[in-house]
Amino acid sequence: MATIPSTAYASDDAAELWLNPSVEVGLDDNTAFELETAQRFRSEDDGRVDTYFFRGWVKQGIADNATLAGAVEYRINDGGSNEVRTMQQLSTSHGILKTRLRLEQRFVDGADRMGLRLRPRLGVGFDLTGDGRWSAGADAELFWVLRGNNVGSDTGITGLRTTVGVEYEVNENLSLGLSYLRQQDFEDDGPDEIGHAPLIGIKYTF
């Protein structure tokens, strides 16, 4: 399975373009490997550098409705501090309800120590038509910093990401999706920073 989501991300101050191509290969009936990449092109005038990452996932089905996964990521920030992340993730489905809990260990060049972040996500997904070709979904994800990378840095809930969208199954191999993403970064000393993004997704199974 290959997916090529393309994201046009616009914050209050600048526009960005995010690309997120990935490919997933089944290793057996319950195990899969996914290579995920991302390219985030940003405005230098806004002080946000271009970012690229490469992430390898191993996913293991542990029940009919649950998948356990682990990943290693290398993230390159142009002109900034590069980062290595290790991640553990549990995904479940309960009818139309879907959950995902991700724990990240973040190793940033030049930082004081390893950072820890928890990302719980709750969503819904359901068919819009009887044949299942049209479907819809929505989710909300919190960014909860358990330990900052630098001594004295902020901890607690620092952001909220919400998404709502629809998907159309063109045929057995190809699906197209259109979503809206809202990103809110909580700021202690001023107004929150809020970004908006239309998401275009292409998923091809082979």
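This is a predicted model: local features need pLDDT of at least 70, side-chain atom pairs count only at pLDDT 80 or more; totals for chains, interfaces and linings use all residues.
Residues are numbered from 1 along each chain as its sequence is written, and side-chain values use heavy atoms, without hydrogens and water. Local features need pLDDT of at least 70 and side-chain atom pairs pLDDT 80 or more, whereas totals for chains, interfaces and linings use all residues.

**View 1. F41 and Y52 form an edge-to-face aromatic pair.** This is one of two aromatic pairs in the structure. Rings of Phe, Tyr and Trp (its six-membered ring) pair if their centres lie within 6.5 Å; planes under 30 degrees apart count as stacked, over 60 as edge-to-face and the rest as tilted. Here the centres are 6.0 Å apart, with 75° between the planes. The pair links distant parts of the chain, F41 in strand β5 (residues 31–41) and Y52 in strand β6 (residues 51–63), eleven residues apart. F41, at 33% relative accessible area, is partly exposed, and so is Y52 at 22% (buried means under 20%, exposed over 50%, partly exposed in between; 1.4 Å probe, protein chains only).

**View 2. W134 and Y168 form a tilted aromatic pair.** The ring centres lie 4.8 Å apart and the planes meet at 40°. W134 belongs to strand β11 (residues 134–147) and Y168 to strand β12, 34 residues apart. W134 is partly exposed at 39% relative accessible area, as is Y168 at 27%.

**View 3. D127, D131, E169 and E172 form a negative surface patch.** E169 lies in strand β12 (residues 156–169) and is partly exposed, at 35%.

Key: Patches are made of residues with over 30% relative accessible area and no salt bridge: like charges are joined within 9 Å, nonpolar side chains (Val, Leu, Ile, Met, Phe, Trp, Tyr) within 5 Å. Accessible areas come from the Shrake-Rupley method with a 1.4 Å probe; for residues, only the protein chains shown count as cover. A salt bridge is a side-chain nitrogen of Lys or Arg within 4 Å of a carboxyl oxygen of Asp or Glu. Lys and Arg count as positive and Asp and Glu as negative; His and the chain ends are not counted. The place of a charge is taken as NZ of Lys, CZ of Arg, CG of Asp or CD of Glu. Helices (H or I, at least four residues) and strands (E, at least two) are DSSP runs, numbered from the N terminus.
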